[in-house]
Amino acid sequence: MKHRFENKVLAFSVSVITVLLVLNIIITHHNNNILEHNRNLQKEAEQVKVTISQFAIVIIHNLDLGLRSYALYGKKKYLTPLRFAIEYKDSILGMAEESLRQQQYPLKEFYELKDSIIAYEALCLRLLELYEAKDTAEFNRLSDQDKGYLLWLQYERFSKGVNEFEDQINESAQRKYLAALRNNYLVQISLLLISVPTLFFTFVHTKRKFAVETALRKAEIEKAELLASQNQLLEKAVAERTVEIQTKNKQLQEQYDEIAAANEEISAQNDELTLHREELSRRNRALEESKRRELDLYKVNLLEKSEMIRAISQELEILKGKFSPTPEQIQKFNNILHFSIATDEDWEQFKKAFQEVYPTFFANLRFRFAAITASELRLAALIKMNLSLREAADMLGISSESVKKSRYRLKKRLGLVDEESLEDFVRTLN
């Protein structure tokens, strides 16, 4: 009766220890996941801080450094920081915007700072034009406004807010990790409190059982010595050795089978990896084609809107001829007639789709031709998309004659002679 009770207690303790061990493994795995998540959050937070600091180091500082150095020494080589800032401005702002959006950071202040940086970039390019045109009075007037200092103050306010936001993320993740760690400690303490008595009980029980088995074994040996002869003992030894050899051979065969199975699994994994690579390549090609189709769709939509605006404009012109509208109505008609199909929102969407297909197009133009304007960049993009003179005029909301003049100015800006084709030059840019 006592022996049966001891067995039940031992079985219950072992079951509890097993459950606690499994629970400890699960919690430890959970804690490791939390720790890895915290590391990723800290890494993302530090990356965001570094990216935001590049607003000041790479963009604002380099714009000022390039312009002031060039104005001080008058040598083109000192414009390198300014061109570097212009080239990498969009990529830095894009990286920062994507990181902050993933962290659900309110982007209103970011967009305000982004607009201020773009405006300051335009101011620096304007100051560069004034310096090269030797318009010292206007150059000094614009420089004295100290827009860079105001931009720096705006950057510091934004940077402080982002740093506080990232610190809050890190603190929240750390609290979650400490809570999980406390749970793990509780399980381990419970495991210790149950395991020690169980091990002691097992030790006593096993020692007692071992003593009984030793006594029985001794009695059996004495009986075997009395009943068995030397011949029987020798046969028994041979039989035991044979079983041992057979067992080892069986183990070797099992190990060989395991190695063969492992080799087959490795081969299957290699085949699967090859299939994954091919699938990834196919998806990349499909993604690139999707981006091109999306850009073509933006183009078609904008052209359809421009056709609609032209039709409405023609009807309004007819109505103006048939009736005698008031000056206020004439002004409203004129506003409609001069409405540009390429609104800022349309242009930003088109620009985003365009840059996904031609990611370095605008950066190459700005780097090679630092004085190029935003309207000239827009016209270059339309030429890259193979738009006709009339289609470009409709999308820009100007006349075909104005587009011709803009194309002529862009050609001069790019340093092309009359015999060189503007379309061929733009299409060669990536």
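Reader: Is Val426 buried or exposed?
Author: This is a predicted model: local features need pLDDT of at least 70, side-chain atom pairs count only at pLDDT 80 or more, and totals for chains, interfaces and linings use all residues. Residues are numbered from 1 along each chain as its sequence is written, and side-chain values use heavy atoms, leaving out hydrogens and water. Buried means under 20% relative accessible area, exposed over 50%, and partly exposed in between (1.4 Å probe, protein chains only). Val426 has a relative accessible area of 1%, so Val426 is buried.

Reader: How many helices does the protein chain have?
Author: Helices (H or I, at least four residues) and strands (E, at least two) are DSSP runs, numbered from the N terminus. The strand count is 0, and the helix count is 13.

Reader: Which helix holds Val426, and what separates its C-alpha atom from that of Met385?
Author: Val426 belongs to helix H13 (residues 422-428). Along the chain, Val426 and Met385 are 41 residues apart. Their C-alpha atoms are separated by 9.8 Å.

Reader: What share of the protein chain counts as buried?
Author: The protein chain has 430 residues. The share of them that counts as buried is 30%.

Reader: How many salt bridges does a search of the whole structure find?
Author: Side chains of opposite charge can pair when their charged atoms come close. A salt bridge is a side-chain nitrogen of Lys or Arg within 4 Å of a carboxyl oxygen of Asp or Glu. The search of the whole structure gives 14.

Reader: How far apart are the closest N and O atoms of Glu97 and Arg101?
Author: Both residues lie in helix H2 (residues 80-102), 4 residues apart, about one turn of the helix. Glu97 is buried at 14% relative accessible area, whereas Arg101 is partly exposed at 39%. The two form a salt bridge, and the closest N and O atoms are apart by 2.7 Å.

Reader: What is the N to O value for Glu138 and Arg141?
Author: Helix H4 (residues 136-144) holds both, 3 residues apart, about one turn. Glu138 is partly exposed at 22%, and Arg141 is partly exposed at 44%. Their side chains meet in a salt bridge, N to O, at 2.6 Å.

Reader: Which helix holds Glu244 and Lys248?
Author: Their side chains meet in a salt bridge (3.6 Å, N to O). Glu244 is partly exposed at 34%, and Lys248 is partly exposed at 45%. The two are 4 residues apart, so about one helical turn separates them in helix H6 (residues 230-322).

Reader: Which residues form a nonpolar patch on the surface?
Author: Patches are made of residues with over 30% relative accessible area and no salt bridge; like charges are joined within 9 Å, nonpolar side chains (Val, Leu, Ile, Met, Phe, Trp, Tyr) within 5 Å. Accessible areas come from the Shrake-Rupley method with a 1.4 Å probe; for residues, only the protein chains shown count as cover. Tyr185, in helix H5 (residues 147-227), is partly exposed at 45%. The patch has about 330 Å² of accessible area together, and its residues are Tyr185, Ile189 and Leu193.
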